[in-house]
Structures are given as structure tokens and as C-alpha cells.
Amino acid sequence: NPYDSKVQSRLKSVEELIIKANTRKVDADIASTMHLWDEKKYDELMAIYTRLYQYAPGHARLKNLIEKLEKVMGKDQAAIRSDFAKQAVEAIEGLIKERNFGDAIQASNEFLGLMPLNTDGQKLLQKAKDGLIDDKLTKNRQIIEGADFERALEFYESLLKIDPNHPRAKELAEKTKVLLAQR
């Protein structure tokens with residue numbers, strides 16, 4: 001029952017435990033890579049750190065190590081990475097202009113998997129998610145305007161899985177929960 005407050009509370013507790021476990025694992029993995037710094041195996045470090053970043057994007061030490069690594073990798077690689085970033089950003093912007101939001105989200109995630117701290121990639125990912133949600137809201141007006149509140153809430157929750165912070169989807173979900181509670 002997705003509306004049960006006890007179930008939602010337990011789900012939140014499980015999510016917190018998973019985040020803590022991921023943080024401990026990332027800390028252990030970071031510690032095991034320190035010898036690679038001495039050996040100057042920067043490509044290997046970048047591959048490891050970008051993979052770890054997917055599991056713990058809020059990990060401050062990991063973020064600092066990625067920034068340090070990017071500085072150390074030098075101007076040549078920085079230029080290559082910069083060219084790659086420009087091409088990726090242009091491609092993702094093209095997908096968004098074509099209103100191909102699903103592919104834009106996938107491309108943004110792949111790009112951020114390679115360059116997790118790229119702010120343009122993060123903005124494009126958010127823009128693609130917003131576009132996809134807004135597009136789905138427009139195409140599903142009958143659900144929004146209908147009287148089947150359970151179906152509408154399921155729809156809004158599916159949108160919130162795409163982006164849990166989308167303001168319109170959050171607002172509609174909250175209003176629908178209130179209407180369901182008033183029944």
C-alpha cells in the first residue's frame with residue numbers, strides 16, 4: 001500500500017541505511033586507491049572515481065578527489081575532455097530541441113557518468129527531466145482532469161520517480177493525496 005505511512009517510514013529508513021552502507025563502501029574503495037596516486041595511474045583513478053560517484057554523488061571527499069584528479073591530469077587531457085564535453089552538450093541540447101527527452105536523459109546520465117562534476121551536463125539532465133515530465137503532463141490531461149484519484153496519484157508518483165523535486169508533479173500529487181484522504 002503506497003499510501004501507508006508506516007510503509008513509507010520504513011522505506012525511508014531502508015533508503016538511509018543503503019546510503020550509509022554505500023558511503024562506507026566508497027570510503028573503503030577510496031582508501032584502496034591511494035597507491036594509484038603514487039603510481040600516477042590517473043586514468044585508472046578517474047574510471048574508479050566516476051564509477052563510485054554514481055553510488056555516492058553527495059560524498060564530499062570523493063568529489064574533492066575527482067577535482068584534484070582533473071587538475072593533475074594536465075592540460076592535454078583537459079583539452080580533450082573539454083572538446084568531448086562540448087560535443088556531448090551540443091548533442092544533448094539537440095535531443096532536447098527535438099523533444100526526445102528520454103534519449104536526452106539517457107545521454108545526460110552517460111555523460112555525467114564520464115564527467116560527474118560537469119555543471120552543463122547536470123543542467124541538461126534537469127532540463128530533460130523537466131521536459132519529459134511536462135510533456136507527460138500535457139499528454140495525460142484526461143488523468144489530471146479525471147475523477148480517478150488513485151490512477152492520477154499513480155501517474156504523479158511515476159513522474160516523481162523521474163524527478164522527485166519537480167514542483168508541478170509534487171503539487172499535483174499532494175493535492176490528489178488530500179482528495180483521497182477526504183473520501
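Reply: Helix 9 (residues 149–162) packs with helix 10 (residues 167–182) at an angle of about 150 degrees, and their axes lie 9 Å apart. Helices here are DSSP runs of H or I with at least four residues, strands are runs of E with at least two, and both are numbered from the N terminus. The axes are lines fitted to C-alpha atoms, for helices over the stretch in contact, and the angle runs from 0 to 180 degrees between N-to-C directions. That angle makes helix 9 roughly antiparallel to helix 10, given that angles under 35 degrees count as roughly parallel, over 145 as roughly antiparallel, 65 to 115 as roughly perpendicular and the rest as oblique. The crossing of helix 9 and helix 10 is left-handed, a term used when the near helix is turned anticlockwise from the far one by less than a right angle, with clockwise giving right-handed.

On the side of helix 9, the contact (heavy atoms within 4.5 Å) is made by F149, E150, A152, L153, Y156, E157, L159 and L160, and on the side of helix 10 by A169, K170, L172, A173, T176, K177, L179 and L180. The residues of this contact between helix 9 and helix 10 comprise 11 nonpolar, 1 polar and 4 charged, where Ala, Val, Leu, Ile, Met, Phe, Trp, Tyr, Cys and Pro count as nonpolar, Asp, Glu, Lys and Arg as charged, and the others, Gly among them, as polar.

As for the source, this is a predicted model in which local features need pLDDT of at least 70 and side-chain atom pairs count only at pLDDT 80 or more, while totals for chains, interfaces and linings use all residues. Residues are numbered from 1 along each chain as its sequence is written, and side-chain values use heavy atoms, with hydrogens and water left out.

The mean pLDDT of the protein (the predictor's confidence in each residue, from 0 to 100) is 87, and 97% of its residues reach 70 or more.

Taken as a whole, the protein has 10 helices and 0 strands. Its C-alpha trace spans about 65 × 40 × 15 Å along the principal axes. The radius of gyration, taken over C-alpha atoms, is 21 Å, whereas a compact globule of 183 residues would have one near 16 Å, by a rule of 2.2 Å times the number of residues to the power 0.38.
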